[in-house]
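Welcome, and thanks for taking a look. Please open the model below and keep it in view while you read this short briefing on ring contacts and pocket space.

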Amino acid sequence: MESQNRETLGSRLGFLLLSAGCAIGLGNVWRFPYITGKYGGAAFVLIYLVFLVILGLPVMVCEFAVGRASRKSMSEAFKTLEPEGTKWHWYGGFAIAGNYLLMMFYTVVSGWFLKYFFEMISGKFTGMTPDEVGAAFGATASTASTLLIWMAIVIVIGFGTCFLGLQKGVERITKIMMTALLVIMIGLAIYVAFLPGAGAGYAFYLKPNFKALVSGEHGLWDTIYAAMGQAFFTLSLGIGSMEIFGSYIGKDHSLTGESLRVIGLDTFVAICAGLIIFPACAAFNVDAGAGPGLAFVSLPNVFNMMGPVVGRIVGAFFFLFMSFAALSTVIAVFENIVAFPMDKLGWSRSKAVLINFVAMLVLATPAALGMSVWSGVHFGAHIGSIDALEDFIVSQNLLPLGSMLFLLFCTIKKGWGWDGFIAEADAGEGIKFPKNKVVQFYLRYIAPLIILVVFIAGYFDIFGKK
């Protein structure tokens, strides 16, 4: 039975922006542009969009359906819906562990963007040479005190928002951040469109070159695998990050339509990030395939070339938008972490927030130190540092395997089952989930097989190469 005191979201817009805010993060605005640059541009984007629909959409509908039907977080969701005697609920502990692990390194990297916003607006990078910009990033990413301070600021903002409550804190502040993020992005995309030389960036990003895709540096399979992985991981599916928001909404609207809106917003932000970065890089002849350093090394150089005043303003807005993208994910995942002991142990929101706040400060510290004073701590040549290990456990293991479990739980008789899933997914107005035998077969057998391929290929990509 649903608790009489369970909090709910105040509006449908709040649900959509919260869910989108969880999905929209560094995977969209940081990883997507540089991995698109690495794998050749527009052809990669098309493959990415295909996998977003055939993998991301059904798993998201499953997560929302489990949440809305159970009215519980991952602590009790499977237990509420599973047939008696089955053990699906055992995954709840692994899912919440995934949320903790994700935040243990994500809060550290999020701090970089917040720091860069304040440094950009203060004019720190004005007049720096490219080598000096690179050295500044090296100092940011390797100084223990800097990493710990900005990590702590991100954790304070995230749990402070959760402390205010679901509607007054999480929903209200995410609405403001997401609205500002979209406005800033659109403004930046319009601005760079008028830069001389931007056209080459649009051609690279929007005009597919399938010949180069087959004969290029990475080859067809590596590009397909990378697109599959990016589409899968950008939505943070499989660890209950979306499930929790399904548990906070009513049955007024069908979940397929809501999932399409969330994925649409997520994709819009990812595509728009590319519409800012690639034309800007082309206009100033900067390599768009520069890897993870693209945001912190290449782009500050681009902003410097725009002039001391304009570059400072554009750069500050860019890192503000990046910070909002990162913080929206932090707040959404922290809400899942807070809801777990509230459902499982009956804790009050304030108790859950305060205990998890202290726990997260402790748990995130190793990743920060692993980039600095503990940089010598390594987990083999294939994984590397502490934060890389945490990322490996989440991205390569819990996200794909968790997503596969959600699909199987919603489609097989020994789980929640197809009928229960379809009834929940289709409740309310809007687009209904396809319920023919072909779709059912695809979700029960083919989609889990694709996810298994992603899982195995991920291991091969990490451990199978010299």
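Are Phe-137 and Phe-296 buried or exposed? Both Phe-137 and Phe-296 are buried. Keep in mind that this is a predicted model.

**Aromatic pairs**

- The count of aromatic pairs comes to 35.
- One of them joins Phe-113 and Phe-296 in a tilted arrangement, with 4.6 Å centre to centre and 45° between the planes.
- This pair links distant parts of the chain, as Phe-113 sits in helix 5 (residues 91–122) and Phe-296 in the loop between helix 13 (255–283) and helix 14 (298–305), 183 residues apart.
- Phe-113 counts as buried because its relative accessible area is 0%, and Phe-296 is likewise buried at 0%.
- Phe-296 also pairs with Phe-137, this time stacked, at 4.9 Å centre to centre and 5° between the planes.
- Phe-137 belongs to helix 6 (residues 130–140) and Phe-296 to the loop between helix 13 and helix 14, so their pair ties together parts 159 residues apart in sequence.
- Ring pairs build a cluster whose members include Phe-113, Phe-137 and Phe-296, along with Trp-112, Tyr-116 and Phe-125.

**The largest pocket**

- The largest pocket holds about 1,400 Å³ of space.
- It is lined by 45 residues, and those closest to its centre are Arg-31, Tyr-34, Asp-391, Ser-395 and Gln-396.
- Elements giving two or more residues to this lining include helix 1 (12–23), helix 2 (26–38), helix 5 and helix 17 (386–411).
- Sorted by class, the lining has 26 nonpolar, 12 polar and seven charged residues.

Conventions
Residues are numbered from 1 along each chain as its sequence is written. This is a predicted model: local features need pLDDT of at least 70, side-chain atom pairs count only at pLDDT 80 or more; totals for chains, interfaces and linings use all residues. Side-chain values use heavy atoms; hydrogens and water are left out. Rings of Phe, Tyr and Trp (its six-membered ring) pair if their centres lie within 6.5 Å; planes under 30 degrees apart count as stacked, over 60 as edge-to-face and the rest as tilted. Helices (H or I, at least four residues) and strands (E, at least two) are DSSP runs, numbered from the N terminus. Buried means under 20% relative accessible area, exposed over 50%, partly exposed in between (1.4 Å probe, protein chains only). On a 1 Å grid over the protein atoms alone, a cavity is a set of points where a 1.4 Å probe fits but cannot get out, and a pocket is an open set with protein on both sides within 12 Å along at least five of seven lines; lining residues have an atom within 4 Å of a point. Grid points are joined across faces, edges and corners, and a volume is the space filled by probe spheres set on the points. Ala, Val, Leu, Ile, Met, Phe, Trp, Tyr, Cys and Pro count as nonpolar, Asp, Glu, Lys and Arg as charged, and the others, Gly among them, as polar.
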